[in-house]
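Have the model open while you read.

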Amino acid sequence: MSAVVVKLPTAAPRKVCNGRWKEQRAAARALKDQAAHRFSHRHPYEREKMREVEVMADYLATHSLTEERLAIYAIVKALGDDIALRALAASNRDRGASSLIRLAMANGEQRYWLNQLLEDRGLV
């Protein structure tokens with residue numbers, strides 16, 4: 001059975017915009033923008049990446065980057081990933097050295113999350 005759909009004469013010409021709870025939505029958005037760190041939801045794949053970034057942030061929070069550490073950072077950054085991975089494997093027992101090497105090997109996404117985390121902690 002096929003029937004033709006007929007538009008009723010009493011139907012609205014367009015969808016009605018619902019302005020209900022407009023103030024509550026605006027207040028919720030303002031609260032979320034104001035205190036985003038309190039409502040920070042991360043997906044599971046982001047949480048896994050954040051564990052490594054949190055180690056780097058803890059290292060930066062507890063250790064000041066002295067001239068020696070900056071020199072090591074620059075050397076590891078210039079050497080490339082292969083040698084940096086070997087240095088990381090060799091420095092497995094020294095948590096500070098491994099954190100510094102991981103910091104030098106960080107990609108753009110990790111640097112972004114590190115900056116966000118340091119801003120949330122008030123260190124930047």
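**Notes on the helix packing**

1. Let's start with Gln110, which sits in helix α6; helices here are DSSP runs of H or I with at least four residues, strands are E runs of at least two, and both are numbered from the N terminus. Gln110 counts as buried, because its relative accessibility is 17% and the cut-off for buried is under 20% relative accessible area (exposed is over 50%, partly exposed in between, with a 1.4 Å probe and protein chains only). Setting aside neighbours within four places in sequence, Gln110 is in contact with Glu52, Val53, Met56 and Met105, where contact means heavy atoms within 4.5 Å.

2. Some ground rules: this is a predicted model, with local features needing pLDDT of at least 70 and side-chain atom pairs counted only at pLDDT 80 or more, while totals for chains, interfaces and linings use all residues. Numbering runs from 1 along each chain as its sequence is written, and side-chain values use heavy atoms, leaving out hydrogens and water.

3. Glu46 belongs to helix α2. Is Glu46 buried or exposed? It counts as buried, because its relative accessibility is 16%. Not counting residues up to four places away in sequence, Glu46 touches His41 and Trp113.

4. Trp113 also turns up in the largest nonpolar core, ten residues made up of Met50, Val53, Met56, Ala57, Leu103, Ala106, Trp113, Leu114, Leu117 and Leu118. A nonpolar core here is a set of buried Ala, Val, Leu, Ile, Met, Phe, Trp, Tyr and Cys residues joined through side-chain atoms within 4.5 Å. The elements giving two or more residues to this core are α2 (44–62) and α6 (108–121). There's a second, separate core of five residues, including Ala84, Leu88, Ile101 and Ala104.

5. Now for α2 against α5: the two pack at about 115 degrees, with axes 9 Å apart. Axes are lines fitted to C-alpha atoms, for helices over the stretch in contact, and angles run from 0 to 180 degrees between N-to-C directions. That makes α2 roughly perpendicular to α5, since 65 to 115 degrees counts as roughly perpendicular, under 35 as roughly parallel, over 145 as roughly antiparallel and the rest as oblique. On the α2 side the contact uses Glu52, Val55, Met56, Tyr59 and Leu60, and on the α5 side Arg95, Gly96, Ser99, Leu100, Arg102 and Leu103.

6. What about α3 and α5, and at what angle do they cross? Their axes come within 9 Å and cross at roughly 50 degrees, which means α3 is oblique to α5. Here Arg69, Ile72, Tyr73, Val76 and Lys77 of α3 meet Leu100, Ile101, Leu103 and Ala104 of α5.

7. Within α5, the buried residues include Ser98, Ser99, Leu100, Ile101, Leu103 and Ala104. Their cover includes α2, α3 (67–79), α4 (81–90) and α6.

8. Last one: Arg102, in helix α5 (residues 95–104). Arg102 is partly exposed, at a relative accessible area of 33%. Leaving out residues up to four places away in sequence, Arg102 touches Glu52, Met56 and Leu88. The C-alpha atoms of Arg102 and Met56 are 7.4 Å apart, although the two residues are separated by 46 residues along the chain.
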